[in-house]
Amino acid sequence: MADGLLLGIDIGTSSSKGVLVSPRGEVLARASRAHETSYPHPGWVEHDAETVWWQDFLAIARELVSAAGDRALAGLAVSGIGPVLLPADAAGNPLRPAILYGVDTRAAREIEELTAELGAESIVERGGTPLSSQAVGPKWRWLARHEPEVYERTELFLMASSYLVHRLTGEYVLDHHSASQCDPMYDLRAADWAADWAELTAPGIRLPRLLWPTEVAGTVSAAAAAETGLPQGLPVTAGTVDAWAEAASVGVADPGDTMVMYGTTMFLVQVLADPRPDPGLWTTRGAFPGTYSLAAGMATSGAITDWLRKLVGGDFADLVARAAEVPAGSRGLLTLPYFAGERTPIFDPDARGVIAGLTTSHGLGELYRATLEGIAYGVRHNLEVMASAGGASSRLVAVGGGTQGGLWTQIVSDVTGVEQQVPAETIGAALGDALLAAVATGLEPDIAAWNPVHTVVRPDPARTGVYDGFYRRYRELYPATADIAHFLAEQQRATDR
């Protein structure tokens, strides 16, 4: 259906978004819904699949279908936070809330066990990534150990995107990229489940059929059509993890292209022509067949700025205005942004946030700018590790809600010394979903034309010089305070017991 419209819907950590797009990539309508994330215990981060994922999808789908009017729809693609673990029964009904991606750190014991059993080097060589809080495998073992009654009833293994695909089509599938983050259950080079390690990790669990995000998984069933307002028979793609859909939305498709996603967490995705496993990063399959990705993810970014906003009762516009008046270096403040542990490149779930240098002369502007700078130091750290792994970035593209206003992106460019391209549309994963739906339904979209570059953020050499000195101390601050952070993390766990 060459003239049909395309739908893309993404389930994020703190909100869900959707777009209705023309075959040429023009965004015709948008919809979004905010939702809450559950933190039932320290280190636990969860979503209720029915009340968060499905209800958000229903509201957004109905709104966009209404906006389409009489125009036909050609395809739908979905994405979501990932990798996550949602155990479900044979009908796809969730058996507990979904255990989220690397921000959920409950499976530390299981990470150590599986690493010892399989060998750290073997895990990286076969799966591309060391076991960490990002990996799904250890969370399976945690589930079997701590909630055996749930484990025994589990028939399906779903993520945010595959849960929606199953609800819409009845198909039990997972995309290769999402599967490649199920370490140690996926063989990166074979592009298939690692059957022996999967059985060791999650014995008795029937794994989903694997597809690429650009493949159609099935079509909207009669029951789903009645509930959602979508037309019966509408093609639905396999879906994928939000960050990879977001990378597709900004044309990050060629080797060396790198996306920096400014969201609740900070995420970086670089396209590779061949796998380059590194113990400080994630090497995964890409969104497009035959591609690989080198990825990095910080446990927090926008989550810290939102925490600070709520703490002081202000709004972002005021905080940004105050921070813009503060010079580089925040008048002698230095922040470690490890407020929920940290993922790449240190892989330490017990790391904790640090704000060093505080005096009574510091105000809200300095504190907010130091927060943005701390996150920017984390971006620089990850980019340096990517380069050392052989994944030097040839093009940096910024996307996500944090790109608005310009201050944060300018700080990142000043800290890293690298320019960033900001596309015309920064709505992110939902637009990437629509692009993947276009590819899956045979529309052959022009990726570059879908979302052209709008602005280029260039570093200021003088500020970069200032930040070089702060960055060196940033790298020293974590090892200098790690023992204290680990002690405090244990105290926090103890108070919750």
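How do the residues of the lining of the second largest pocket divide into nonpolar, polar and charged? The last stop of this tour comes back to that. The model on screen is a predicted one.

**Stop 1: a hairpin**

Select residues 15–21, which form strand E2, and residues 27–34, which form strand E3. The two strands run antiparallel, and seven bridges join them. Then follow the chain through the five residues between the strands. Stop at Gly25 in this hairpin, where phi is positive, near 95°.

**Stop 2: Arg369**

Next, select residues 364–388, helix H13, and pick out Arg369 within this helix. Is Arg369 buried or exposed? Its relative accessibility is 5%, and because buried means under 20%, Arg369 counts as buried.

Show the side chain of Arg369 and look for its polar partners. The backbone oxygen of Ala323 lies 3.2 Å from a polar atom of this side chain. The side chain of Tyr467 also makes a polar contact with the side chain of Arg369, again listed at 3.2 Å.

Now widen the selection to what Arg369 touches, leaving out residues up to four places away in sequence. The list includes Ala323, Ala324, Val326, Pro327, Ala328 and Ser330. Leu407, Ile411 and Tyr467 are also touched by Arg369.

**Stop 3: helix H14**

Among the buried residues are Leu407, Trp408, Thr409 and Ile411. Further along H14, Val412, Ser413, Asp414, Val415 and Thr416 are buried as well. Step past the end of H14 to Gly417, which follows the helix and has a positive phi near 75°.

**Stop 4: the second largest pocket**

Thr416 is also one of the residues that line the second largest pocket. The pocket holds about 220 Å³ of space. For the rest of the lining, select Arg380, Leu383, Glu384, Ala387, Ser393, Ser394, Arg395, Leu396, Val418, Glu419 and Gln421. H13 and strand E22 (395–399) are the elements that give two or more residues to this lining. The largest share, four residues, comes from H13.

Color the lining by residue class to settle the opening question: four residues are nonpolar, four are polar and four are charged.

Note on methods
Residues numbered from 1 in each chain as written. Predicted model: local features only at pLDDT ≥ 70, side-chain atom pairs only at ≥ 80, totals over all residues. Heavy atoms only, no water. Pairing = 2+ DSSP bridges. Buried < 20%, exposed > 50% of the residue type's maximum accessible area, 1.4 Å probe, protein only. Polar contact = N/O pair within 3.5 Å; in protein donor to acceptor, adjacent residues only side chain to side chain. Contact = heavy atoms within 4.5 Å. 1 Å grid on protein atoms, 1.4 Å probe; cavity = no way out; pocket = protein on both sides within 12 Å on 5 of 7 lines; lining within 4 Å. Points joined across faces, edges and corners; volume = space filled by probe spheres on them. Nonpolar A, V, L, I, M, F, W, Y, C, P; charged D, E, K, R; others polar.
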